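Student: I have a new structure open. Please show me how to read its features.
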Amino acid sequence: MAPAQGGIVLTPAEEKMFEGQPRGFPFGDFDLADVMLPEEDDMGIPSGSDDEQEEDLQTDSGFGNVLVVDNLPSVGPEKFDKLTAILTKIFSGSGRIREGGLFHPMDEEKKMSKGYAFVEYENAEQARAAQSALNGYQLDKVHKFAATLFDEADRLAKVSEDYVEPEERVYTPSENLMDWLSDKRGRDQFVLRYGDETEVCWNDAPRQTAESVYKRSFWTDTFVEWSPRGSALATVHRQGVALWGGKSYGRLMRISHQGVQRLLFSPCERYMLTFSEGPDNRGRPHFVAHIWEIRTGKRLRTFDGPHEEYAVGAVARPDGGMRWPAFRWGGGGVGGDKPVYLAHMKRNAISVYEAPEMAMLDKRSLKMEGVEDWDWAPGGDAVLCAYQTEQGNLPARVVLTRLPDREELRQKNLFSVAGIKMTWHPQGDYLAVQVDKWTKTKKSTHTNFELFSMREKDIPIDMLELPNKGEKIHQLAWEPRGHRFAILHGEGNRPAVSIYNMKDTKSSTPSHGVTLVHSMTGKACTSMHWSPAGRFLLLAGLEGGHNGTFEFWDVEEMTLLNAGEHFMAQEVAWDPTGRCVATILNAAAAMENGFQIWSFSGQPMYKTPHDRFFQLNWRPRPPSLLPEEKQREIVKNLRKYSKRYEEEDDALLAQADTEFLAEREKQLNEWRAWVESRKAYSEEREAFAREQLGERAAAHDRFQLQEVEVSVVVEVKEEPAKL
């Protein structure tokens, strides 16, 4: 027998049992990393992200942070130092070069530089960013840089000169990413994240249940997000982002970005931005933002460095970092067939980049002195709205600029501005600018609204002031696909809700101009949520002691449809069609986590509890292919079509019920067959017992089991009563 470390003696049989394990295993002192696990067995330990092992961002050579730059000028000793200084400045613009990290060799025989250089950056991320920025850089008319990562150059140098015919690939057709839209019952999907589970479900409203479509454990490390048109689901991992889609939810693409924290799709779904931030070597905020082409997985550009240049105006955080999103997508058109732009704000300018080249538009930023805030118009229009603060004697102003021609469409001068807030109409039809102005004493402010009608000729501006200009404005919300907006205003926890209209569409001659439609006071409301289809408005009391109270309003008739409560609810999410709405109680609350589905009219449909509930995201629908005129015609004649579709829906439900009952009958028959098999086994066992035990087995049947309840007085004690 051999002693294990720690003094425990193992028998020969135990030594054979633990053969191959480290000395001291399993009772003594041993290194856990040396323990041998069975092959193809992860011992039930999840990988944390994917069933396939993720690739580490490490290179075989160890030179992943080294860049080779060719096509440099060849100069003599008299110009060598000057050229090296110029190259250092250019190369440093894309990342930090390590001390002594620029090697610019000189040919000792010819006394001329060799025309290439090796650049060593602080990390591989900076080297990749520099390669993207420097490859194709035009130094002068003759010299255009060719930048290659050292590992890539090393790999190309090792390619054999002999041609090897590539293997023929078998074409495998991909799944239809929009297959879910062909659901016969026209249902919507949503994704849930709770505990360690991520689950995609149908919202089966008629049956008042959520029907599971796909479920997976440890599918994401942090959160999930649908693409803007619902074709793919993004999961976020420590190594990067994975995109999934199709009926089987297979992986479509893997995007590598170590430590990714946020992502932002372009509205057309062709591009994506991934973002991460953290302190640099000196403790200052530092970020990395990669721009990707989704279809190919190609990285188009990288923004990398400290926050100072980007964290300006309304985008700046108190700690010096950038508020999300500092980078924003715009343009693309409704069908995604127009140019797509990415922009960010910097001091006194807005820089705009056009995809897929991701080069700065016209090679210069959009100059705007004192720019404080900005945003793109939704709906695919390449129109940018920016707010510039007062500069000396110049007033503050809001300006609308169309790209790429940089045409100034409209501007509005503002005076004594304390602050502004811009709110776009969901389809980009209107823009509301909330302007907080100082009073003459500069001790208080009052508010008015500048309302831009984007679809009207010359973009007219209406000015709106509430009766009490000094009261607090909590929210302004535009009606999707309509001309109305709601303002939540007032002091205390029971503010007022006022509905306004920008266009009178009921009269024979539609007129333009803001008018008050209705006002409601004393509402237990902290936020307002329009249906994506318009008309219906949900008033939600989510905080401030309201504990999840809801009112469902038909704004067309100005009638209260219903009121309800989801105790302690924190979030509200309409489905993309406006037929249903979800109220959510997430894991920030200690108990009763889950969600509840309501109809658009406020009828509760079903409630689903989930412990440690994190996320419910409705799957977006792509824009309709029908023109606006056809859509309006269908809505107008909806009653004519509804009867036919209601009959089809009833038939589909009846068919689904028949299939459901058939499946239940099948399960019931399987249960009955199992019971019969157990009954036969019981009879065989009883016969065997009688055969073996004889009379002793039969005596068991003569016993009877009775329950008897007995009450016993243990002690009686008398005490005087105190009067």
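Student: Let me begin with one residue. In β17, which residue is the bridge partner of leucine 263?

Tutor: Strands of a sheet pair through backbone hydrogen bonds, either parallel or antiparallel. Here, leucine 263 has threonine 274 of β17 as its bridge partner. This is a predicted model, so keep that in mind throughout.

Student: How many bridges join β16 to β17?

Tutor: Four bridges link β16, residues 262–265, with β17, residues 271–279. The two strands run antiparallel. Their hairpin has five residues between the strands. Look there at glutamate 269, whose phi is positive, near 70°.

Student: Now a sheet. What is the strand order in the open sheet of four strands?

Tutor: In a regular strand the side chains alternate between the two faces of the sheet. In this open sheet, the order is β11-β10-β9-β45, and the pairing is antiparallel. β11 (209–217) and β45 (613–618) are the edge strands, each pairing on one side only. On average, neighbouring strands are turned by 20° against each other, direction ignored.

Student: How many bridges join β9 to β45?

Tutor: Five bridges join β45 to β9, which covers residues 189–194. These strands run antiparallel. Phenylalanine 190, for instance, has tryptophan 618 in β45 as its bridge partner.

Student: Next, pockets. What is the volume of the second largest pocket?

Tutor: Rolling a probe the size of a water molecule over the atoms shows where empty space is left. The second largest pocket has a volume of about 1200 Å³. Its lining comprises 37 residues. Nearest its centre lie Gly93, Ser94, Ala133, Arg301 and Thr302.

Student: Which elements give two or more residues to that lining?

Tutor: The helices are α2 (77–92) and α3 (124–134). The strands are β19 (298–306), β21 (340–346), β22 (349–354) and β23 (359–360). β19 gives the largest share, nine residues.

Student: How many lining residues are nonpolar, polar and charged?

Tutor: The lining of this second largest pocket has 13 nonpolar residues, 15 polar ones and nine charged ones.

Student: Last, confidence. What is the mean pLDDT of the chain?

Tutor: Where pLDDT is low, the predicted coordinates should not be read in detail. For this chain the mean is 86, and 89% of the residues reach 70 or more.

Student: Where does pLDDT stay under 50?

Tutor: One such stretch is residues 1–7, with 19 contacts in the model beyond four places in sequence. Residues 37–60 are also below 50. That stretch has 29 contacts in the model beyond near neighbours in sequence.

Definitions and conventions: Residues numbered from 1 in each chain as written. Predicted model: local features only at pLDDT ≥ 70, side-chain atom pairs only at ≥ 80, totals over all residues. Heavy atoms only, no water. Pairing = 2+ DSSP bridges. 1 Å grid on protein atoms, 1.4 Å probe; cavity = no way out; pocket = protein on both sides within 12 Å on 5 of 7 lines; lining within 4 Å. Points joined across faces, edges and corners; volume = space filled by probe spheres on them. Nonpolar A, V, L, I, M, F, W, Y, C, P; charged D, E, K, R; others polar. Axes fitted to C-alpha atoms, helices over the stretch in contact; angles between N-to-C directions. pLDDT = per-residue confidence, 0-100. Contact = heavy atoms within 4.5 Å.
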